[in-house]
Every structure is written in C-alpha cells, then in structure tokens.
Amino acid sequence: VIRRVCVVLALTLVLCWPSFVGGESTSQTGGELHFCLRGEPKTFNPLLVEEDASETIRYLTGGVLIRLNRQTQVLEPGLAVSWKVSPDGRTIKFHLRSGLHFSDGTPFTSEDVAYTVKALMDPQLHSPTGDSFRSGEGQVDVQTPSLDTVVITFPAPVAGLERLFDQVAILSAHSQKKEMAVLGPFYVADYSPGSYVLLHRNPNYWKKDKEGKPLPYLDSIRLDIQRNRDIELLRFRRGEIHLINALDAEYFDRLQKETPAAAHDAGPGLDSEFMWFNQVPAAPLPEYKKNWFRTTEFRKAISMAINRADLSRIVYGGHAHPAFGPVSPANHFWFNAALPVPQYDSVGALRLLARAGFRLEDEMLRDSSGNRIDFTVITNSGNKSREQMATMIQQDLSQIGIKVNLVTLDFPSLIERMTRTYDYEACLLGLVNTDLDPNGQMNVWLSSAENHQWNPKQAKPATAWEAELDRLMRAQSSATNDKKRKSDFDKVQQIVAEQQPFIYLVNKDAMSAISPAVMGSSPSVLDPHAFWNAELLRLGADPALGAQK
Amino acid sequence: MNPLQKVAAIILCMIFVLMVFATILVPAPYARQFRDAPNAGPSTAHPLGTDALGRDSLSRLLYGTRVSLLLAPAAALLSTLIAALLGSAAGLLGGWFERIVLAVTDLSLALPWLFLLLTIRAMLPLDVPPMVSVIIAFLMMGLLGWQASVRVICAAARGIRDSDFLLLARSSGCKPARLLLRHVAPNLRPLFYAQFWISIPLFILTEANLSILGLGVMEPMPSWGNLLRGFEDFSAVAANPWRLVPLILLVIVVMSFQLVLPSQEVTQ
C-alpha cells in the first residue's frame, strides 16, 4: 500500500512539475498596465494610422525594422539586424533576424517586408505613413534575394530614409489574421468600441532582456478610452490607471503637490507655441497694416518686446522654455545651437521700430503716416494657456505703445480665417511636433505649401529670403549626407530667426504621470513619453496609489 | 420695508457706490500684471490677492461688478420686455395668435443656439474694442433669452383671461391695448419681476460660458462671468478660499435684489 501511495505521489509530482517550474514560459509576472487613450482608435491597420489613439496601438503592437530610441534619439536594430543605404540615397538593404514568428505563429521572412512595403506604397491604400516615402515619379522596387534579405529601391533619393522605417510596422503576407498578426511586444486581444482596447503579451516577441528573459514583462495592457482629461487625472489619483502620457502644466503642478514621485518633467519637448502676422497679399486688411506686417524690423521688434521668460514662468509654471526657433533644443541633432538666445528688450525694440519709421507719441506707437499701431490676435477658444499668453503679450506690447486686442474663436472659425478668407491680423497657435527630421516641416517652410501660414500657397516666393528657404529645404530633402542636410537646415533656422515670419514663444516641457508602481519607466521628451520602453515596464505593488499587480 | 429689506437695500446701495467709484477705489488698474506675484494671497497691496497673471483681484472684481451689474440687468430687462409683450398678448388674445407665438417659442427653444452664436461671432469683425464686444454679447443674450419666460407669462395671462375683472372691463368697452396695459400687465407684474431677477444670474453665468467660447467679455476686461471661470480649477479655489469672493458677491447681489423687491402679495 505504501509503495502504491508513493508511486501515485511521484506520478502527481511529475505531472504537476511543469506548472511549478515552467509557469513563466506561458505567463509573465509583470501584471496588467492600465492607461487611457484620448480617443477611439480609428484603425488597427498600422499603415493607415493618422491619429494618436491608433498610433499608440501601432507603437505597442507593431514590429519595425529599425526603432528610434526615444531617449538617446539613435536608431537601433529592430527586426533588421543591420541595414545599409546606398550612396545615392535611393536603395536600402536590410538583413533580417531569422527564426522570428508573428503573434499568431506565422514565420517572419523577407516576403513579409516586401508585402508591407508594396502595401505602403500602393496609391489605392492612401497610407499616410507611405506619403513620407514618396520621393518621385515611378515604382518602388522590392527584391528579396533570400529569406532574411530585403533590398528596397526608391525612384528618387529619400532623405533620412532609414529613420522613416521607425513608423512602418511589418504586416504578415501569409497570416489569416492580416494586421492583427503582429511582431511587436503586444497584440490586440480584445476591443470594446467606446470602452477599451486590451493588449496581451506577444509570446513570440523576439526581444530578450540582459539576463535572457523574454520580453515584455507585462502580461497585458488595458487602454481605456477616455476623452476627458479631468477624469483621466482623477482615475490616476485613485490608482485606477498607471500612467498619463502627456500632462498639461496645470495638471502637472496639481499632481506634483499630491504625489511628487508620480509627476515627471522630462524637459523641453518638441512642441512649440508661436504667433505670426498675416502677410497674405489678398487679405482683407488695410494696406498700411499689411505694410507693417511685411516689415522685418516690425516683426523683429515685436519678438524682442515679448517677455518669453515670463510666459514660461507664469503661464506654464516654469514647465516651458523660451523658444529659439522652429526646432526645439530637445531635438539634439537638428537644433541649431548657434542661434541667438531670444532676449526681452523693449528699448531695443523701440530703437528697431524707429529705424523702420515708427515713432512713439503720447505712449502710442504710430507709423510714418500717423496710423496708430494696433492689431488683433486671434487664438482658439478654450485654450487657457494661449489666452493667458496673449493677455501677457498685450501688456508687453503696450510697453512699446502697441494696442493689442484679443479674440478667441472656435477652431473651425479660426481655420476658416487662416486658410480660406485670410481675414485676421495675427494668430497665436501651437505646433505638436512628433517628427525629429526637417522633412516633416517641408509643408511649413516651402512658399508653395499650405501650412506656410503667414503667406501660404505662393505661386512663386514673395521675398528673396522665402526663395532661399525654398532652395535650402529642397536641398536638404534631396541630400543623403546628414552633415550637408544639417548645414542647410541650420541656415533655414538662421533665416527664420532673422526674419521672424513665425515668432516662436515657448517650447513646452514633456510632462507625464507615472505611478510609482510602474517599474522600469524612463520618461523621454519624444512621444510616447511614458511608455516608449513598454516591453521593459512591469508593475510592483504601490498601496499609496492603489495599483494592483 | 421690513428690517431684512432695509439690510438688502443698504447692501445694494453699497455695492452700487463701490461700482460707481471703482476707478478711485481700486488699488491698481484691472489689467496691470504684477508678474512677480501671480496667484498671491491677500496682502495690503492686494487685499483679495492676485490672479494667475498677477492682476489685482479686488480691482478686477470692482470693474467686473460694474460690467456685469450694468449689462446683465440690461439684457434681462430686454428679454423680459420681449417675453412680457409676447406672452401677455398671446395669453390674452388666445386663438391663432397664441398658437403662432407658442410655435415660434418652441421652434426657438429647439434651435441649437450655441452653433448660431458661434456663427454670429465668426461673422462679426475682429477689431472691435473690448467694450463693444461686451455690449454685443449682452445684447445677443437679451434678444435670444426670452423663450422660457414667454411660456410662463403666457400661461399666467391665459389664467386671468376669463377672470371677472377682465370680463367687466371688456363689457365696459375697454380696447385690447388698454386691457393689456391697464389690467393684465399690473396683475402679471410680480411674474415679470420674478422672470427679470431670475434672468440676471442666468445671464451672468451665460456670459461666463460664452467667454469660454470666445463670445463673451474678452481679456483683459473683467466681468463676473470670466471671474467665475476661475472655479474651473477647484483645487486652486480650495487652497485659496478668497477666490470665492466673486461667487459670494453674486449670491449676495441676487439675494438682495430678491429681498428688496416688493412681494407678490404687496403688489397685488
């Protein structure tokens, strides 16, 4: 009997052993991370991503050939072990990792890359990601000499070609699940429209940590769809969600007072706030006002008379920095460090205005024809920071005798005036910038571009400096040498600083909220700030915030 | 006047005096920014502290009181007059006229006014001085805020349409206009007053909401409406309770107006 009992016990132990020792191979111990999407994801197809919610899902689920490290801003191997761009900038050759599988088990080969690139460049698909690759007339040629080699040839040189692949999530050519089969750290396991998206750990993810443990650590991520930022913050404070990717200065300060360890300010981000004067020849404005706005000294004087340090300190509570120009210092490579630091100098501004024929009489600035200098700044209603900045600019400019009116408009009305009727004098807005490369700004600096806001869609450049901007932007976009591109784009920044078509005001800091329960976080200035290294995040217990493992 | 009414009258008089002499009494111009002291607490220099941009809160409150206490009642008067005229006539005359007035009222209530107001704002010129924008905002409220009152007044007028005193007046050959002005209107006066006083705080708050949409009083001009916008940040109010002063003042003013008014029994 004893022998029989021993045999049964031994058998039980043998049968149960895998579940005791091998538990980690099927489920991780990283827990479930919760955070919010600020809108409904419009698509799960990574090639059709246009908005933030879909971009978040693409980032967390998509496997890319080359990944931009959000902290070092250096390109790192992803699905490709190595790559090489030809000297003419038209061809890129990838060597792929072998033995990888999609989340559904389908093997990953060069055919998948070829399939993805062809879909990306398919004009019928209208892929916004594909637009960055369109360099000229003609077809993109994709060769797959072996299962782990891909050669892609574009009809014309593409500047910063390899960096663009950070946005291209590879699709499976053979999987039945199509875009739901992924190579990233997570896959979409469940989606309830209007409610949540549930991502599960991809058991076939290729990356391992330094100790050789499979990544990601987290078992799953639950993305609750929540548009209201107040509720998002409230839920964070209750411990119902673990992170907020982007925070306003006001929310940041509120959170910092309560839970200093959860509030993270990574320093100046890529976003900037700026104002500009309407220089459109057809604008329904008095001719004398158009003349002011076209005068370089006038624009430079306005720029000098604005106290950017006060804007950063008061409106953003110190969580912003005076802006130098179109590129934030956060963009390590492309920022022109030789640009002069913007200085507040109302006396210097008056000197500059006097040189241009303006004069101060009875504390009122007048032009050479005796017209009082006043203008109206429009901005979008409901944006407290912009309204406050405009109010502060009102006071700054009153010091040099300029009267500024402020009008806030709903966004559609604002866009209507900016892009169709041109019935405005000056506008204060911001730019959310996610792209480090200057090619992302082609639609701003080219005089023919729609977003060349001070005077858009010009048939030919209205001024010599705009013609020079066109030349430099085209030169940098067609050059393949980064040094040459940098030199050209430095000159662009120099011209913008001299001419002030956009008067850059501040660069907002990249702020995020991360629960102390989240381990392995390292907030960056590039988006996604809080979860760029999602595969390395895991949850520990944090009773203070109620986070659960 | 009972003692409570006297107290309310004194409070209102004091507020009006403060409003009139705001220019002399304020510690600093309402738009001046003391940038070294944003969000400061009460001090001798700034008795009610400063706002987020360092502007003196007392100065802004006094000027805001002037704007709101002059223009909100003006808008309320305009909307009540429209409502009184339409509602009394509809209730008294009945028939097709009443049906048309009520149909127009219902239609008007069903219109998406917010979008219409946004459209109106988009069509207005941009370079209007702040004071003109204030007047436009309150004028729009006065012209568009009568619908709810019309229904109430119409129902009340319908109630007295077949009353004995009107029957007597009609049988004596009284003309409809005289009936309306001499017999119906005095009987509905308490209702007009009520609608008028109810409209004032409503318009002040509407102005605050319109300011958020770019339709109300524009910076840097203060009004009770845009001072009340400070309550968006509740935690800041909890930390700086003196910021509740505009709200307290609004409550006091509305209550005082209600108390000073002759009650319905007295007017009848």
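**Ground rules.** I am working from a predicted model, where local features need pLDDT of at least 70, side-chain atom pairs count only at pLDDT 80 or more, and totals for chains, interfaces and linings use all residues. Residues are numbered from 1 along each chain as its sequence is written, chains are lettered from A and ligands numbered from 1 in the order in which they are written, and side-chain values use heavy atoms, leaving out hydrogens and water.

**Chain B overall.** I counted 13 helices and zero strands in chain B (DSSP runs numbered from the N terminus: H or I of at least four residues for helices, E of at least two for strands). Along the sequence I read α-α-α-α-α-α-α-α-α-α-α-α-α. I boxed the C-alpha atoms of chain B along the principal axes and got roughly 75 × 50 × 30 Å. Of the 268 residues in chain B, 45% are buried (under 20% relative accessible area, with a 1.4 Å probe and protein chains only). For contacts (heavy atoms within 4.5 Å) in chain B with a separation of 6 or more, 70% join residues 24 or more positions apart.

**α3(B) on α6(B).** Helix α3 (residues 57–93) of chain B packs on helix α6 (residues 130–144) of chain B at about 30 degrees, axes 7 Å apart. Axes here are lines fitted to C-alpha atoms over the stretch in contact, and angles run from 0 to 180 degrees between N-to-C directions. So α3(B) is roughly parallel to α6(B) (angles under 35 degrees; over 145 counts as roughly antiparallel). The contact includes B:Leu71, B:Ala75 and B:Ile82 from α3(B), and B:Val134, B:Phe138 and B:Leu143 from α6(B). I sorted that contact into 11 nonpolar, two polar and no charged residues (Ala, Val, Leu, Ile, Met, Phe, Trp, Tyr, Cys and Pro are nonpolar, Asp, Glu, Lys and Arg charged, the others, Gly among them, polar).

**α16(A) on α17(A).** Over in chain A, helix α16 (residues 464–478) and helix α17 (residues 482–499) pack at about 160 degrees, axes 8 Å apart. That makes α16(A) roughly antiparallel to α17(A). Which residues meet here? Among them I noted A:Trp465, A:Glu468 and A:Leu472 in α16(A), and A:Lys484, A:Phe489 and A:Ile495 in α17(A). This contact has nine nonpolar, two polar and five charged residues.

Technical notes
Angles under 35 degrees count as roughly parallel, over 145 as roughly antiparallel, 65 to 115 as roughly perpendicular and the rest as oblique. Buried means under 20% relative accessible area, exposed over 50%, partly exposed in between (1.4 Å probe, protein chains only).
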